[in-house]
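Student: Please put the model up. I would like to go through how its parts meet.

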Amino acid sequence: MSKVKVGVAGYGVIGNRLAAGVVAQDDMELVGVADVAPTLPVRALKERGMPFPLFAAVPGAEQGLEAAGIPVSGSFDDLLGEVDIMLDAAPGGIGAKNKVKYVAAGVKAVFQGGESGEVADVFFHGTVNYEKGLGVDYLKLTSCNTTGLIRAVHAVHASVGVVKTFITIIRRVADPGDTHRGLTNVLEVEPIPNHQAVDLMSIMPDIDATGMLIHTPVTHGHIITLSVTPKQKISVEAALEAFGNYPRIKVVKISEGFNSNSSLFQWARYMEYPRADMFEIGLWEEMVGHSGDDLLFAINIPQESVTIPETIDAVRAAMEMHATGAEAVAATDGFLGI
Ligand SMILES: NC(=O)c1ccc[n+]([C@@H]2O[C@H](COP(=O)([O-])OP(=O)(O)OC[C@H]3O[C@@H](n4cnc5c(N)ncnc54)[C@H](O)[C@@H]3O)[C@@H](O)[C@H]2O)c1
């Protein structure tokens with residue numbers, strides 16, 4: 001089978017990681033990335049000797065890029081003419097505008113969580129509903145929190161079945177370097193239910209989910225605490241086994257030094273993962289317990305990198321590269337070295 005040709009629109013926090021993720025897949029080719037301005041990641045691309053081409057995402061953008069000394073390989077239409085599928089990681093709302101161009105060019109696309117639901121035919125999660133994405137032209141990924149949350153709830157659901165879940169999200173307020181968000185000393189609250197619980201029900205409609213969200217001024221990951229009502233009681237040991245066997249969940253121990261969100265970020269640095277990216281959600285062993293028969297636990301969401309594997313699964317679904325989610329997830333994870 002010839003390699004699937006992939007392009008990335010928007011070379012920011014998510015786009016630069018999607019590009020690296022695609023480069024790691026032996027059965028895919030990164031044709032190029034598109035952006036509108038000589039941002040820090042775009043400048044770093046030039047410093048690295050342009051390992052893959054950059055295209056101007058909108059007419060006229062080439063002027064600002066070239067003025068900053070960034071080589072531009074062509075227009076957005078040129079990029080669309082060469083790819084089978086686009087991974088759209090432009091700021092929320094821009095993807096819907098780009099979709100008009102994808103439709104005109106007959107190119108498939110995968111959108112990120114910041115786009116509205118109408119942009120895609122299928123709301124996609126690699127480990128839960130891969131088969132729904134098979135051959136579909138436009139898929140939308142769940143947000144970073146939802147992606148990780150669904151992995152953890154599905155681990156219990158696939159083991160004993162889940163009736164309902166209540167979640168609390170301690171949400172990082174900005175990505176590293178987002179100085180435009182200011183230095184805050186606030187815990188901002190939102191009305192219930194949070195969108196992540198609503199989105200979880202969209203992907204897993206048999207589970208009754210609700211929850212609260214509190215923004216907190218940290219940049220290294222979100223933490224979600226969960227209470228899950230199982231169909232049959234599950235012991236702590238069985239739950240840990242289900243989490244441990246589930247793809248993209250890393251069970252860690254407070255007793256070994258994993259005592260915070262930052263400890264997982266530090267771990268990624270010590271492991272010398274590129275950009276300190278973790279693809280797994282962290283799950284603390286000593287935080288798994290019970291309230292009556294309900295299962296309690298907490299997970300860490302590395303917001304910058306958590307959606308990369310499921311996005312690559314979406315390419316595999318849209319291009320019908322594998323018949324089942326299990327095969328697709330195994331291929332993606334193998335190439336990403338998870
Ligand atoms: N940052 C996160 O933690 C995170 C996590 C999961 C999902 N997401 C979602 O991923 C998407 C991208 O978010 P991000 O944080 O990477 O944004 P970002 O601001 O870091 O990057 C967006 C990039 O798109 C470029 N851009 C602007 N207009 C464009 C256009 N017309 N065409 C192509 N590129 C354009 C910008 O110059 C920028 O480089 C959003 O939908 C967001 O909700 C973000």
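Student: Which residue forms a salt bridge with Arg248?

Tutor: This is a predicted model in which local features need pLDDT of at least 70 and side-chain atom pairs pLDDT 80 or more, while totals for chains, interfaces and linings use all residues. Residues are numbered from 1 along each chain as its sequence is written, and side-chain values use heavy atoms, without hydrogens and water. A salt bridge puts a side-chain nitrogen of Lys or Arg within 4 Å of a carboxyl oxygen of Asp or Glu. For Arg248 the closest N and O atoms are 3.4 Å apart, and the partner is Glu310.

Student: How many salt bridges does the rule find across the interface of domain 1 and domain 2?

Tutor: The bounds, from an automatic or database domain assignment, are 4-142 + 307-336 for domain 1 and 144-301 for domain 2. Across their interface the salt bridges number five.

Student: What area do domain 1 and domain 2 bury between them?

Tutor: Buried area is the accessible area (1.4 Å probe) that two parts lose on being put together, summed over both. Carbon and sulfur atoms hold 60% of it here, and the total is about 1600 Å².

Student: Which residues of domain 1 lose the most area to domain 2?

Tutor: Contact, meaning heavy atoms within 4.5 Å, takes 20 residues from domain 1 and 17 residues from domain 2. Three residues in domain 1 together account for 30% of what that side buries. They are Phe123, Val128 and Thr142.
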